[in-house]
Amino acid sequence: MNVANLITILRFPLLVAIVALLYFGGAVGQVIDALLVIVLILMDMLDGIVARRRGEQSLIGSALDIAADRAVEVVLWVSYAHLGLIPVVIPLAVVVRGALTDAFRSVALRKGYSAHSMMRSSWGRWLVASGYMRTSYAVVKAVAFTLLALTLGLKTAGYVAWRSVGIAASSVSWMALGLCVVRGLPVMIEAPGLFRSAEFQAPAERVSRE
């Protein structure tokens, strides 16, 4: 296993630890979570940097990265909604968006297209694959997840400041959802055109049901 993929895989146990602290860590553990969330998001950026610099970019690496991103988003959004910090519509929208884009990407992956290389237009590549948009989305998510954990910690500790922090956390959470949807739209808009190309017209392989 290469270094980039190892970094990606290590995000899963860290995610489990973060959720455990949210529910069972008390005020101190929840505040610590605010820092761990930043580490979790930075690892997402680090695996990409390592992959490019060490020449470890691969389709499996791209698939693992998407799986880790999806797990982090869904698990944390659902946890925060369950804890009453955000409305349930946010995780529901993230799940639906993820299901649609991942379905298209899985088809493209079978023909050797990564999540980024399947984009045909310049605007689609910019929204989905550009460093600016990926970093912006990662930063907004990191701020939202961090503020939500901090809100919970302050509330558990009984500090009245949790309300002000909670308002900021809610605002940034909606911003993160907006970026999530905007970055998913190019995939859903462009994928049908890609799938109409000749290389995707070959009969699909039969899948055994045994």
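**Confidence and helical architecture of the predicted model**

Within the protein chain, confidence reaches its highest level in helix α6, with a mean pLDDT of 92, and falls to its lowest in helix α5 (residues 122–129), where the mean is 79. The structure is a predicted model, and over the protein chain as a whole the pLDDT averages 84, with 83% of the residues scoring at least 70.

The protein chain contains seven helices and zero strands, so that, read from the N terminus on, its elements follow the order α-α-α-α-α-α-α. Of its 210 residues, 43% count as buried.

Helix α6, which spans residues 131–157 and comprises 27 residues, extends 38 Å from its first C-alpha to its last, a value close to the 39 Å expected at 1.5 Å a residue. Just after this helix, G158 adopts a positive phi of about 90°.

The packing of two helices can be described by the angle between their axes together with the distance between those axes. For helix α1 (residues 3–24) and helix α2 (residues 26–54), the angle is about 170° and the axes lie 9 Å apart. The residues that form the contact of α1 with α2 comprise 20 nonpolar, four polar and five charged residues.

Although L35 and I18 are separated by 17 residues in sequence, their C-alpha atoms are 9.8 Å apart in space.

S173, by contrast, is situated in helix α7 (residues 162–195), and its relative accessibility of 0% places S173 among the buried residues, because a residue under 20% is counted as buried. The side chain of S173 comes to 2.7 Å from the backbone oxygen of A169, a separation that falls within the 3.5 Å limit applied to polar contacts. In an α-helix there are 3.6 residues a turn, so residues three or four places apart point the same way.

Key: Residues numbered from 1 in each chain as written. Predicted model: local features only at pLDDT ≥ 70, side-chain atom pairs only at ≥ 80, totals over all residues. Heavy atoms only, no water. Helix = DSSP H or I, 4+ residues; strand = E, 2+ residues; numbered from the N terminus. Expected span 1.5 Å × (residues − 1). Axes fitted to C-alpha atoms, helices over the stretch in contact; angles between N-to-C directions. Nonpolar A, V, L, I, M, F, W, Y, C, P; charged D, E, K, R; others polar. pLDDT = per-residue confidence, 0-100. Buried < 20%, exposed > 50% of the residue type's maximum accessible area, 1.4 Å probe, protein only. Polar contact = N/O pair within 3.5 Å; in protein donor to acceptor, adjacent residues only side chain to side chain.
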